[in-house]
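This report concerns the pockets, cavities, domain contacts and chain contacts of one protein model. Please read it alongside the sequence and the coordinates.

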Amino acid sequence: MSIMGTRVVRVEDPVFLTRGATYTDDLTDERLTGALHLTLVRSPIAHATITSIDVEAAREAPGVVAVLTGADIDLEAPLLFAGAPKQMVRPWLATERVRFVGEPVAAVLTEERYQGPDAAELVDVDYEPLPAVVDVREALKDENLLFPDAGTNTCSVYNKEDPDPDFFADCEVVVTREIINQRVAAASLETRAASAAWGDDGRCTLFVSNQNAQGARDEVAGWLGVDASQIHVILPDVGGGFGAKIGADPEFALVAWLARHTGRPVRWSESRSENMTGMVQGRDQRQTITIGGSRDGRVKAYRLDVIADAGAYPRLGVFLPVFTRMMAPGTYDIEKVDSRATVVVTNTTSTAAYRGAGRPEATSAIERAMDLFAAEIGMDPAEIRKINVVAPEKFPFTTKGGVEYDSGEYAKAIDLALEASDYATLREVQKARRERGDAKQIGIGVSSYVEITGGGAFAENASLEVHADGTALVWTGTSPHGQGHATAWAMLASEQLGIPVDKITVRHGDTDHVPRGGGTMGSRSLQTGGVAVHQASLELIDLAKARAAEILEASVEDLEVDTANAAIVVRGAPGSPTVSFAQLAEREELKVQTVFDGKKATFPFGSHVAVVEVDTETGKVTVERIWAVDDAGPVLNPLLCEGQRHGGIAQGIAQALLEEVVFDPDGQPLTATFADYGFPSAAELPSFDLVTMETPTPINPLGFKGIGEAGTIGSAPAVQSAVVDALSHLGIRHIDMPTTPLRVWEAIQDAVKEDG
Amino acid sequence: MTNVKVDITVNGRTTTDDVEPRLLLAHYLRENLGLKATNIGCDTTSCGACTVLLDGESVKSCTVLAVQADQLAVTTMEGLAGESGDSLDNPVTAAFRAEHGLQCGFCTPGMVMAVTGLIAENPDLDERAVREGLEGNLCRCTGYHNIVRAALVAAGKDPDAEQEIEAESDAARTAPGFSAGSGS
């Protein structure tokens, strides 16, 4: 019986549920014996000139081994995003100017953990405050520059062509609106951490919490000016990443440099308040959407203009508008699509990937546009979507932006979501409440989405070895941090070889064992690394057959795998001699190494229906139900797949309702702890209703697409739309995320005022 | 600062040490005893990753001083794993595995102890009681869906039936709405 598509419980869990996982800060590795603890002194001011740094008192504090400033570090300051102006480098420790609250200014190394914050308090830094640039519109004016040498705050412009003034000329109806896709924090439960130790061989062992060991190795080596072979990155268990742990943080290289400088291992693990200012944050686009079409519901033209916030030092966030532009038209077949984006620096935390990374921004924009257009012509939001989605016979479909969608049935996904939610009945409930004038109104939101997965590195490697004791070992270049690859990859090998899942060990995240790998990001893992394991299994079977042919005195063509016994047998010859993989491994190493290259991205899609209740007297919104159709092709393990969808849906709801990283006009973060940031608990969320739909991609032999980010991309616009829908009878057409009670209440007050 | 002697029974074993009065119980467990299942995820007693049982009641060990636990009994997730240290016979940990109630695992030890404490307080849990009872424990991976199911299963309930009842109910859900939002 095939193991594919079955609910195999995770092989990771027994350790996680007894001794607990081993995260970077938990390590007791002997290489870290005698390690110093690093505490960073961070700027409390968003934009300032540093006039002096006095570390003398700190140096005298108990347990202090060293206190360093930027003047002590002989490394070139790195540019964290290659395409940004070359002046926008981030100092290792700021010496002249600080550009965001949380920027490192001094490094304190102590014998014991508790001594670090004590000594850090004694570092005396004099700041001469400068006016802060917080709003991207202010940044665009270039009146107040973060990097005067660069001469501008703009770090990237995508599409420099002027917009065509006649773009909407043939549209009967045109609607335009400025909307905000607010900044949010990835807020992985494990904060950032790194530990480094240099060996006598001149190599550095670097343990980090990250989503890609190989990428982190290359970046750290580059920054330190050493060969990549000198850096051995090991990823212990990682307590969540959500995109924010893609790429090395400068702190990683600083830890390695300090370990070399002091000749002792160094450990660093940040606090949550450091994390909420120091770790990269996500989203943060100010968008102008313009949509035009005819009164019969046909959308003809769509334009998306974006100003994106890179934060103080350009990082991956500068690139993400590329994804936003690629996915601008969403699931819709629109004749004319136009987009442009400008990315600027501000005195805030740097931005980078967060679950969806550029695609949720595109989806929320087009979905708001569809709702606004539907409201303008008086059409049902589900209906307008079905009229405009790409028809199934048009796949593979190339959008006006030149993006090729591999496979999809968008209208069917919408229909499934409408059917599951009993949409017609929901509308009746809504009508009845409106007629009664209830204080608590319900709103129904419908989203249709398509996203791009595996859009970065299309290839991934895997090695597979069967041992003489019948066990197998897989090394993968993906980098699980909760996704369950140890279980899923074992299932893929087990399916072909017949070796039970609990006898297959899957390992990852060690650059000495896997020198090349793309890590886990952009929902790429299953469609690249998973398929690589499948391919490795087939190659191992070929190798086993070639060897078995001699032993069994049969031709290779006559051999097949007996998965019940994990053996090679002669086809159609019961009772004849067989040889197991284990027996073959006993004779000679039975191992393959392979690379699977899908050469293209895939495009998962779906549709969500959300129902919210809005208390019109208080503005409080409650998500009552959410039905999600998320189609990422065939499902390998429904337990894992559902888990990814649940987590994604929760993060989308959180963005729609609760979460926002807020800076005051001076650049002070107002949401720098979990007491201030709107991270939802179980009490604010419902259980989720998942609907199954599986449309394979032709891009890989198993038809897999990615599922990691789909839930987030689909749920945020559905919930935001539902909040607006609950109040549409008051003439309300839009409320920016997060739709907090204050915002909703204010929107209601404004609408009532206008009405009166 | 003068150190203080503490005697704390941890997972049935007597431990003793001279500690700084400011030492957090979470750090005592992790650093002094090497029990690293208990994690620390925030500075503000918000996330609950450090939840342990103190004399049978769930507490956040980042907000308890080691000296406050003197002469008391602490149970961490390691304490649910039996003599061998690797048993999944405990109904709570078993349910977390069966229901896929964990992904990255960071919140898990705290969640498991919070659920253990919750069931001890109220054996007759429904979905709403689980959700409100776990309000102080944050998870970023699971969306809580399967954690809630695991808690219901551990409490001897049918999670499908309980979720159906909750979905159909009109009971108000709490939604504090922390973020003030920037501007309007």
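This is a predicted model: local features need pLDDT of at least 70, side-chain atom pairs count only at pLDDT 80 or more; totals for chains, interfaces and linings use all residues.

## Domains and their contacts

Chain A is divided into four parts: domain 1 (1-33 + 192-269), domain 2 (34-130), domain 3 (281-453 + 601-755) and domain 4 (455-597). The centres of domain 1 and domain 4 of chain A, taken over C-alpha atoms, are separated by 26 Å. Between these two domains of chain A, 26 residues of domain 1 are in contact with 26 residues of domain 4. Together domain 1 and domain 4 of chain A bury about 2,000 Å², and carbon and sulfur atoms account for 53% of that area. On the side of domain 1 of chain A, A:Ile3, A:Gln211 and A:Gln214 contribute 27% of the area buried against domain 4 of chain A, more than any other three residues. The count of salt bridges between domain 1 and domain 4 of chain A is one.

## Contacts between the chains

Chain B and chain A bury about 5,900 Å² between them, with 54% of this area on carbon and sulfur atoms. In residue terms, 67 residues of chain B are in contact with 73 residues of chain A.

| Salt bridge | N to O distance |
|---|---|
| A:Arg203 and A:Asp512 | 2.8 Å |
| A:Glu659 and B:Arg140 | 2.6 Å |
| A:Asp25 and A:Arg113 | 3.1 Å |

The pair A:Asp25 and A:Arg113 links distant parts of the chain, 88 residues apart. A:Asp25 is in the loop between helix 1 (13-16) and strand 1 of chain A, while A:Arg113 is in the loop between strand 5 (104-110) and helix 3 of chain A.

## The largest pocket

The largest pocket has a volume of about 1,200 Å³. Its lining comprises 47 residues, of which A:Pro117, A:Ser269, A:Glu270, A:Ser271 and A:Glu274 are the closest to its centre. Domain 1 and domain 2 of chain A both give residues to the lining of the largest pocket, so the pocket lies between them.

Several secondary-structure elements each supply at least two residues of this lining. In chain A they are strand 1 (36-42), helix 3 (115-120), strand 9 (193-198), strand 12 (266-269) and helix 7 (272-278), and in chain B helix 1 (25-32). Strand 1 of chain A provides the largest share of the lining of the largest pocket, six residues. By class, the lining of the largest pocket divides into 17 nonpolar, 16 polar and 14 charged residues.

## The second largest pocket

The second largest pocket has a volume of about 900 Å³. It is lined by 50 residues, and A:Thr520, A:Met521, A:Gly522, A:Ser523 and A:Arg524 lie nearest its centre. Helix 13 (485-497), helix 14 (525-552) and helix 16 (638-657) of chain A are the elements that give two or more residues to the lining of the second largest pocket. This lining has 23 nonpolar, 22 polar and five charged residues.

## Cavities

Nine cavities of 30 Å³ or more are counted. The largest cavity holds about 80 Å³ of space. Among the residues that line the largest cavity are A:Gly282, A:Arg283, A:Asp284, A:Gln285, A:Ala308 and A:Asp309. Strand 13 (281-293) and strand 14 (299-311) of chain A are the elements that give two or more residues to the lining of the largest cavity. Of the elements, strand 13 of chain A gives the most, with four residues. The lining of the largest cavity has four nonpolar, four polar and four charged residues.

## Backbone geometry

Most residues other than glycine have a negative phi, and most peptide bonds are trans. A:Ala187 has a positive phi of about 55° although it is not a glycine; A:Ala187 lies in the loop between strand 8 (173-185) and strand 9 of chain A.

Two cis peptide bonds may be noted here. One joins A:Phe395 and A:Pro396, with omega about -5°, and A:Pro396 lies in the loop between helix 10 (381-388) and strand 16 (397-398) of chain A. Another runs from A:Met737 to A:Pro738, with omega near -10°, and A:Pro738 is found in the loop between helix 17 (710-726) and helix 18 (741-755) of chain A.

How values were computed: Residues are numbered from 1 along each chain as its sequence is written. Chains are lettered from A and ligands numbered from 1 in the order in which they are written. Side-chain values use heavy atoms; hydrogens and water are left out. On a 1 Å grid over the protein atoms alone, a cavity is a set of points where a 1.4 Å probe fits but cannot get out, and a pocket is an open set with protein on both sides within 12 Å along at least five of seven lines; lining residues have an atom within 4 Å of a point. Grid points are joined across faces, edges and corners, and a volume is the space filled by probe spheres set on the points. Ala, Val, Leu, Ile, Met, Phe, Trp, Tyr, Cys and Pro count as nonpolar, Asp, Glu, Lys and Arg as charged, and the others, Gly among them, as polar. Domain bounds come from an automatic or database domain assignment. Contact means heavy atoms within 4.5 Å. Buried area is the accessible area (1.4 Å probe) that two parts lose on being put together, summed over both. A salt bridge is a side-chain nitrogen of Lys or Arg within 4 Å of a carboxyl oxygen of Asp or Glu.
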